[in-house]
Amino acid sequence: MTRRRFSPVFLVHGGCGGPPASKRQLQAIRDALSEGYSLLLKGEGAIEAVEKSIRFLEESGFFNAGRGGKLQLDGHLRLDASLMEGKRLRAGGVAGIEGIRSPVSAARKVLEESPHVLLIGEGAARFGRFHKLAKMTRPSLQQIRLHEELLRSQDPWMKRFHSLIGTGTVGATALDRSGTLAAGASTGGVNRMLPGRVGDTPLIGAGVYADDRSGAVSMTGEGEGIIRAGSAREITLRLEFGATPRAAATLSLRRMKERTQCFAGALILSKRGSFAIVHTTAHMIGGFRVGRRMKVADRFEVI
């Protein structure tokens, strides 16, 4: 019996809710798309493409993830990330991890090398060091400057300092040649966050979800609202019951906005390869690649 082969599809985002994307951010998204999609064309799995593209964005320093992450109120850089694979519903995440350069790679180690789904704090860092993951460098002068200004400012969103540092969570979804789906995300959190704060990104069913029977979703936006709405899982359930990616996301994001007054954006990829990038903010940095079609922009389907 011949096994069906799928046409690879790859989506990437660099967050929503900030100002229009810079040229460097758009180029980073383009490069991450190219890297992830080329892996899919070579026959690599969806989880590999998602991890590598997110790691590239973490390393870029142009987004609120990895090297570009925001410091918590006590001046420490604590990061969150997760990955999920839809074939067997395998998942891994880290929350509040310090000293590890690529949180998404730590999340993959949790997925593949542990019986657990989520590791936090020093336990997550120790796990990363055990697996010899690269160490994080000290916060940059830009990160320190933004942190100091936040402590002095009465503006919780610090609009005039958005240009100094990455302003968005990063994430990706993928469908590989075998039909396996994967989703992932990585973040540095939000402005003025209390030490120990955890958002939606490392939480399976909130920030990410992937199931080969329905679809894959990677969220970005106000984490507290996304957690309360259970957004990623809700969208995949809507896909499973027949909604299109655009309709599933539109219904879910509108419900979240109505019930929690929070904004968000989502990458949505169905099991058949149809997809959408939907957001309730003016801008969402992202892109997609399927066949010869490729688009990178900071605005997609606004609802």
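**Entry 1: salt bridges**

I searched the whole structure for salt bridges and found 15. For this I took a salt bridge to be a side-chain nitrogen of Lys or Arg within 4 Å of a carboxyl oxygen of Asp or Glu. The model is a predicted one, so I keep in mind that local features need pLDDT of at least 70, that side-chain atom pairs count only at pLDDT 80 or more, and that totals for chains, interfaces and linings use all residues. Residues are numbered from 1 along each chain as its sequence is written, and side-chain values use heavy atoms, with hydrogens and water left out.

I looked up Arg108 and Glu51 to begin with. Their closest N and O atoms are 2.7 Å apart, and the two form a salt bridge. Arg108 belongs to helix H3 (residues 103-113) and Glu51 to helix H2 (residues 46-60), so this pair ties together parts that are 57 residues apart in sequence. Helices here are DSSP runs of H or I with at least four residues, strands are runs of E with at least two, and both are numbered from the N terminus. I also checked how covered the two residues are: Arg108 and Glu51 are both buried. Buried means under 20% relative accessible area, exposed means over 50%, and partly exposed is in between, using a 1.4 Å probe and protein chains only.

Next I looked at Arg78, which forms a salt bridge with Asp74 at 2.9 Å between the closest N and O atoms. Arg78 counts as buried because its relative accessibility is 15%. Asp74 has 37%, so it counts as partly exposed.

Then I turned to Glu85 and Arg90, whose side chains meet in a salt bridge of 2.7 Å, N to O. Glu85 is buried at 5% relative accessibility, while Arg90 is partly exposed at 26%. I also noted a network: salt bridges that share partners join Glu48, Glu51, Lys52, Arg55, Arg108 and Glu112.

**Entry 2: Ser105**

I stayed in helix H3, where Ser105 has its place. Ser105 is buried, with a relative accessible area of 7%. Which residues does Ser105 touch, not counting those up to four places away in sequence? I found Glu51, Arg55 and Leu133; contact means heavy atoms within 4.5 Å.

The side chains of Ser105 and Ser102 are joined by a polar contact of 3.1 Å. A polar contact is a pair of N or O atoms within 3.5 Å; within protein, one must be able to donate a hydrogen and the other to accept it, and residues adjacent in sequence count only if both atoms are side-chain atoms. I also took a distance along the way: the C-alpha atoms of Ser105 and Lys257 are separated by 32 Å, and the two residues are 152 apart along the chain.

**Entry 3: two buried strand residues**

I looked up His13 in strand S1 (residues 9-16). Is His13 buried or exposed? I read a relative accessible area of 0%, so His13 is buried. Its side chain reaches the backbone nitrogen of Gly15 at 3.2 Å. A polar atom of the His13 side chain also lies 3.5 Å from the backbone oxygen of Met219. Leaving aside neighbours within four places in sequence, I listed contacts of His13 that include Ile29, Leu57, Thr169, Met219 and Met284.

My other pick was Ser82, found in strand S2 (residues 79-85). Ser82 is buried too, with a relative accessible area of 0%. A polar atom of its side chain lies 2.7 Å from the backbone oxygen of Thr201. Not counting residues up to four places away in sequence, Ser82 touches Gly92, Val104, Thr201 and Ile204, among others.

**Entry 4: aromatic rings**

How many aromatic pairs does a search of the whole structure find? I found 1. The rings of Phe275 and Phe288 have centres 4.7 Å apart and planes at 50°, so I noted the pair as tilted. Rings of Phe, Tyr and Trp (its six-membered ring) pair if their centres lie within 6.5 Å; planes under 30 degrees apart count as stacked, over 60 as edge-to-face and the rest as tilted. Phe275 lies in strand S10 (residues 275-279) and Phe288 in strand S11 (residues 284-290), so the pair ties together parts 13 residues apart in sequence. Phe275 is partly exposed at 21%, whereas Phe288 is buried at 11%.
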